[in-house]
Amino acid sequence: MRANTYAIPIRTTMLGLLGVALIALGGMGAGAILERDPLLAQVGLSWLRYGHGRDLASMVLYLGLGLVIWAWIRLGRLVRWGEIGDFAVLVAVTVWTLPLLFAPPLFSKDIYSYLAQGQLALSGYDPYTVGPAVLQSTLSENVSWVWQHTPAPYGPLFILVAKAIVWITDASVILGVVAMRFSLAGGLVLLCWALPGLSRHLGGRSAIALWLVAANPLVLIHLIGGAHNDLLMIGLMAAGVLLVLDRRHVLGFVLLALAFSVKATAVVVVPFLVWIWAARLDGDKRTQFRKALVPALIAFLGTFAACTVVAGVTLGWIPALRSSSMIINWLSVPSAVGDFVRMVVNWFVYVDGGIFIGVARGIGSLVLVWIAYTQWWAARDGEVRDAIRRGALTMLAVALLSPATLPWYFSWPLALAAGFAWTTGALVAVTVASLFLLLVTFPNGDTALYSWGYLFFALVVSGLAARSLVKPDPFGLSTRYE
């Protein structure tokens, strides 16, 4: 069935809007709220932060979350059936994003770290050598205790963005949160621009790609609501990949360097794109590779160096990447294995658990290097779909095998792979994974990964929603679906 180019599913779009509005409302009491919120105090809503008020806010937030999931599944069905196209998905993404731009931080306190790191740079400190605790400011007091003494593990471009936001907002926490969200939303705009083009090159349907990534609640709630700089990184990365595929190679590598200058993960796809460029040049394999590698390195390293100089920082963020190893959860396969072995051994004799986790992470790093090299070498023919597929698989391996893994990390490979043609089974699997990962963090930013009863409930909800993608009304309660 050919989609009506400008058809918009009004009820589904409004259902999602109601959902995000309730999430924003509930987030005032149940989200990653400020230690001291002057805005709530001024309007007499401070009671939402405590006791029954917080419970009520949590109920409202989870009701909104359910509506957003329902709306996303309904939208996905319409896209799969070919009843709507890109325009309808883009309208839904826009409408569902707007309330989240002004909501309190949701499911994470990382945005407070971003702002504090910007204030460090603005105050003359090196954010790559000291943590937010040295500020003793309104911004730093809201940073999670885990990151109070941790240097920033983000690139120079992001430090420059954070520094500019703190300066523009005069270190206001509330204005800073909103301004940071608008800055990161630029990544969503780039993503929405790039996904149709990537689908054209990779053989998929652009409406499916947009629905799978840009409208995905994992992306909207965590990367917009949680305000993670991963959104800016994947937007720049997707745009850079598209430009390379469109034979605008130099500009593509410039954008990839900007993505790397936000967050290091973007570098994973770069070697695969060198093969694609090389395959388009004359000469034998070695000559082709050299002809592509030199200009790619000049564009990439030159852009990165310019960002570093303009931001006035050093390369200290690269060793600071180790700080993420403080996070231990079972989404990281090596951490999960190490923690499981520790638990089994400690049934019989007490041994410091750090030994097992350290060994498992070391093995995981070796496996990751092996996967990255073998996938890169296997892509040396430079065939576009093969190279991007292997790049996405490598990025998935990075998310799974890194010392620390957080739910929204899986948006990295999804952004690269969304443009492929997806089977129904694959769509169902990604839907289950996306919704489960959405739910494994509590609204205040605490992890739910060890609340086993809650996780079982989250898995059931995710499975039921995914089933609804291919079988509307799975319980047979109605004959009308949309």
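## A pair within helix α17

Arg389 and Asp386 both belong to helix α17 (residues 384-401), where they stand 3 residues apart, about one turn of the helix. Helices here are DSSP runs of H or I with at least four residues, strands are runs of E with at least two, and both are numbered from the N terminus. The side chains of Arg389 and Asp386 meet in a salt bridge, with 2.8 Å from N to O. A salt bridge is a side-chain nitrogen of Lys or Arg within 4 Å of a carboxyl oxygen of Asp or Glu. Side chains of opposite charge can pair when their charged atoms come close.

Asp386 also forms a salt bridge with Arg390, the closest N and O atoms being 3.1 Å apart. Because Asp386 and Arg390 are 4 residues apart in helix α17, about one helical turn separates them. Arg389 counts as partly exposed because its relative accessibility is 37%, while Asp386, at 19%, counts as buried. Arg390 is buried as well. In these terms, buried means under 20% relative accessible area, exposed means over 50%, and partly exposed lies in between (1.4 Å probe, protein chains only).

## Basis of the model

The model is predicted: local features need pLDDT of at least 70, side-chain atom pairs count only at pLDDT 80 or more, and totals for chains, interfaces and linings use all residues. Residues are numbered from 1 along each chain as its sequence is written, and side-chain values use heavy atoms, with hydrogens and water left out.

## Overall form

The protein contains 20 helices and 0 strands. Along the principal axes, the C-alpha atoms fill a box of roughly 70 × 60 × 60 Å.

Of the 482 residues, 56% count as buried. Among contacts with a separation of 6 or more, 74% are between residues 24 or more positions apart; a contact means heavy atoms within 4.5 Å. The protein exposes about 20,200 Å², of which carbon and sulfur atoms supply 69%. Accessible areas come from the Shrake-Rupley method with a 1.4 Å probe, and for residues only the protein chains shown count as cover.

## Helix α6 and its neighbours

Helix α6 (residues 156-168) has 13 residues and reaches 18 Å from its first C-alpha to its last, close to the 18 Å expected at 1.5 Å a residue. The expected span is 1.5 Å times one less than the number of residues. The buried residues of α6 are Pro156, Leu157, Phe158, Ile159, Ala162, Ile165 and Val166. These buried residues pack against several helices, including α5 (110-122), α7 (173-202) and α13 (285-311).

## Positive phi values

Most residues other than glycine have a negative phi. Asp170, which follows α6, has a positive phi near 55°. Phe107, which is not a glycine, has a positive phi of about 65°. Phe107 is found in the loop between α4 (86-101) and α5, and it counts as buried because its relative accessible area is 1%. Arg247 has a positive phi near 70° and lies in the loop between α10 and α11. At 55% relative accessibility, Arg247 counts as exposed.

The structure holds 6 salt bridges, and one of them joins the side chains of Arg342 and Asp339 at 2.8 Å, N to O. Because Arg342 and Asp339 are 3 residues apart in helix α15, about one helical turn separates them. Arg342 counts as partly exposed, at 25% relative accessibility.

Val333, Val337, Phe340, Val341, Met343, Trp347, Phe348 and Val349 form a nonpolar surface patch with about 810 Å² of accessible area together. Patches are made of residues with over 30% relative accessible area and no salt bridge; like charges are joined within 9 Å, and nonpolar side chains (Val, Leu, Ile, Met, Phe, Trp, Tyr) within 5 Å. Phe348 is found in the loop between α15 (333-346) and α16 (353-378). Phe348 counts as exposed, because its relative accessibility is 71%.
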